[in-house]
Amino acid sequence: MLSTRRATLIVVLSCLLLAGCKSGSLGGLSPSGSASASTGGSSAGGAGGAGRAIAVGAGPQKRYTVQQQPAAGSCHYRYEKGEPLEDPACTPGAISPAVTQANLKTTICRKGGYTSGVRPSTSVTGKEKKLNAASYGYTGAMSEAEYDHLISLQLGGDPNDPRNLWVEPADPGHKTSQGINNKKDPVETKLHTAVCAGKVTLAQAQRAVVTDWTTALTTLGLS
């Protein structure tokens, strides 16, 4: 009898320690899941979003510091119709808590602009760009690549969260010495215009970008 109780206790303790018990197996107890930040309960789907909620960053800071980047060679570009896309494991995107659907008129949609007041200085982003280039294994000319906010500042992206920044290579057919000119930029501008005009919500635009910026306009019926 004693040995039976002892064996049962060992099984129960092992189950708890490994968090492998299903709901109801221990009187209704179930392993607790870690909570993640979200954009009003919405989640990002598709290859980039992978069904996960978009993380919330620290937001605008009075003084930005150089952020730690993923390990060198740990990030890998994806390509859609030749266009370079971010590695969702390294750059899943992050939004700013300072921008919400309720305050669009006083933030990203206000007259006079918003992005210049929250953008980190090049003394910070220049160092991050070199580190992130190593993360992605980018070996091209730095002047031809953009250190890009996956969710742009004009769409409420976090200004300096490493989850929202990546070295974006030049578009296919881009000629060297022409500087940075990516097709992602006009997509972001059209999304910003649509958000401020009330055609789509902020969360919809953000989610479409982290899923696949190349299809964002089509997905939202804006192309």
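Trainee: Which helix gives the most to the lining of the largest pocket?

Mentor: Helix 6 (residues 216-219) does, with three residues. Helices are DSSP runs of H or I of at least four residues, and strands are runs of E of at least two, numbered from the N terminus. The model is predicted, so local features need pLDDT of at least 70 and side-chain atom pairs pLDDT 80 or more, while totals for chains, interfaces and linings use all residues. Residues are numbered from 1 along each chain as its sequence is written, and side-chain values use heavy atoms, without hydrogens and water.

Trainee: What makes C75 and C90 a disulfide?

Mentor: A disulfide is a pair of cysteine sulfur atoms within 2.5 Å. The sulfur atoms of C75 and C90 are 2.1 Å apart, and the pair therefore qualifies. C75 lies in the loop between strand 1 (55-56) and strand 2 (78-80), and C90 in the loop between strand 3 (83-85) and strand 4 (94-95), so the pair ties together parts that are 15 residues apart in sequence.

Trainee: Why is the disulfide of C75 and C90 called left-handed?

Mentor: The torsion about its S-S bond is about -100°, so the disulfide of C75 and C90 is left-handed.

Trainee: A disulfide also joins C109 to C196. Why is C109 called partly exposed?

Mentor: Buried means under 20% relative accessible area, exposed over 50%, and partly exposed in between (1.4 Å probe, protein chains only). C109 has 24%, so C109 is partly exposed. C196, at 34%, therefore counts as partly exposed too.
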